[in-house]
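Dear colleague,

I am passing on the structure below, and I would be grateful if you could look through it alongside the notes that follow.

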Amino acid sequence: RKEVEQDPGPFNVPEGATVAFNCTYSNSASQSFFWYRQDCRKEPKLLMSVYSSGNEDGRFTAQLNRASQYISLLIRDSKLSDSATYLCVVSHTGFQKLVFGTGTRLLVSP
Amino acid sequence: NAGVTQTPKFRVLKTGQSMTLLCAQDMNHEYMYWYRQDPGMGLRLIHYSVGEGTTAKGEVPDGYNVSRLKKQNFLLGLESAAPSQTSVYFCASMAGGNQPQHFGDGTRLSIL
């Protein structure tokens, strides 16, 4: 079983739609959580950190459920420019290493 | 505003050749990482460093060596390249625990 699991998608949604991605992690000692965005053939870029109380950044909302070892990302009012692969990332032991999910691909169409 | 810089950006090698990939960061970060990314596999950690002069093995270290002689540089070496090492290689750096990693824009390596 992979340490971080994501639905690979693709999720095909029209502009303006709301879409949610889920991620589960297996290491209960994981301490830090992030969502990264990766465009085709580009480097991953930090989208947002995920805090225990949940957090929002504009159209993006991240939630963490430690009991279920589950992280989510909600995107409201999808834009064409949101088309990308979204990577769920958790910290590994000692906070020195990050473990990346394989990503969920989002395609936003006009 | 350089952040993390990787050189070269592209390279084609023949089986058995050697080469070194360079990663340089100007953010004074302690931690540096080398990943490879293959289709359907996600990012896999090759080696990492928690400070100048230190290195450690990641998930897929075989066939690679690294060095961190200066804090700002992290070198990844392939001593005898194999076709299985065809991949996109990303370097990343991190300030400290609980912090996100910042990535370079990748090196696309093909081994024939």
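**Notes on the two chains**

Pro14(A) counts as partly exposed, because its relative accessibility is 46% (buried means under 20% relative accessible area, exposed over 50% and partly exposed in between, with a 1.4 Å probe and protein chains only). This is a predicted model, in which local features need pLDDT of at least 70 and side-chain atom pairs count only at pLDDT 80 or more, whereas totals for chains, interfaces and linings use all residues. Residues are numbered from 1 along each chain as its sequence is written, chains are lettered from A and ligands numbered from 1 in the order in which they are written, and side-chain values use heavy atoms, with hydrogens and water left out.

Pro14(A) belongs to strand E2 (residues 11–14) of chain A, where helices (H or I, at least four residues) and strands (E, at least two) are DSSP runs numbered from the N terminus. Not counting residues up to four places away in sequence, Pro14(A) touches Ser78(A), Val108(A) and Ser109(A), a contact being heavy atoms within 4.5 Å. Its C-alpha atom is separated by 24 Å from that of Lys42(A), which is 28 residues apart from Pro14(A) along the chain.

Chain A as a whole has zero helices and 11 strands. Its radius of gyration is 13 Å, close to the 13 Å that the globule rule gives for 110 residues, so chain A is as compact as a globular protein of that length; the radius is taken over C-alpha atoms, and the rule is 2.2 Å times the number of residues to the power 0.38. The C-alpha atoms of chain A fill a box of roughly 45 × 30 × 20 Å along the principal axes, and buried residues make up 47% of its 110 residues. Of the contacts in chain A with a separation of 6 or more, 56% are between residues 24 or more positions apart.

The largest nonpolar core has 24 residues, and among those touching the most other members are Phe21(A), Trp35(A), Ile75(A) and Tyr86(A); such a core is a set of buried Ala, Val, Leu, Ile, Met, Phe, Trp, Tyr and Cys residues joined through side-chain atoms within 4.5 Å. The strands of chain A that each supply at least two residues of this core include E3 (19–25), E8 (70–75) and E9 (84–91). Leaving aside neighbours within four places in sequence, Ile75(A) is in contact with residues including Val19(A), Phe21(A), Phe60(A), Tyr86(A) and Leu106(A). A second, separate core of 18 residues includes Val4(B), Trp34(B), Ala81(B) and Leu109(B).

Turning to chain B, the secondary structure again comes to zero helices and 11 strands. With 112 residues, a compact globule would have a radius of gyration near 13 Å, and the 13 Å of chain B agrees with this. Its C-alpha atoms fill a box of roughly 35 × 30 × 25 Å along the principal axes, and 50% of its 112 residues count as buried.

Within chain B, Arg11(B) lies in strand E2 (residues 10–13) and, at 36% relative accessibility, counts as partly exposed. Beyond its neighbours within four places in sequence, Arg11(B) is in contact with Met19(B), Arg108(B), Leu109(B) and Ser110(B). The C-alpha atoms of Arg11(B) and Asp62(B), which are 51 residues apart along the chain, are separated by 20 Å.

With best wishes
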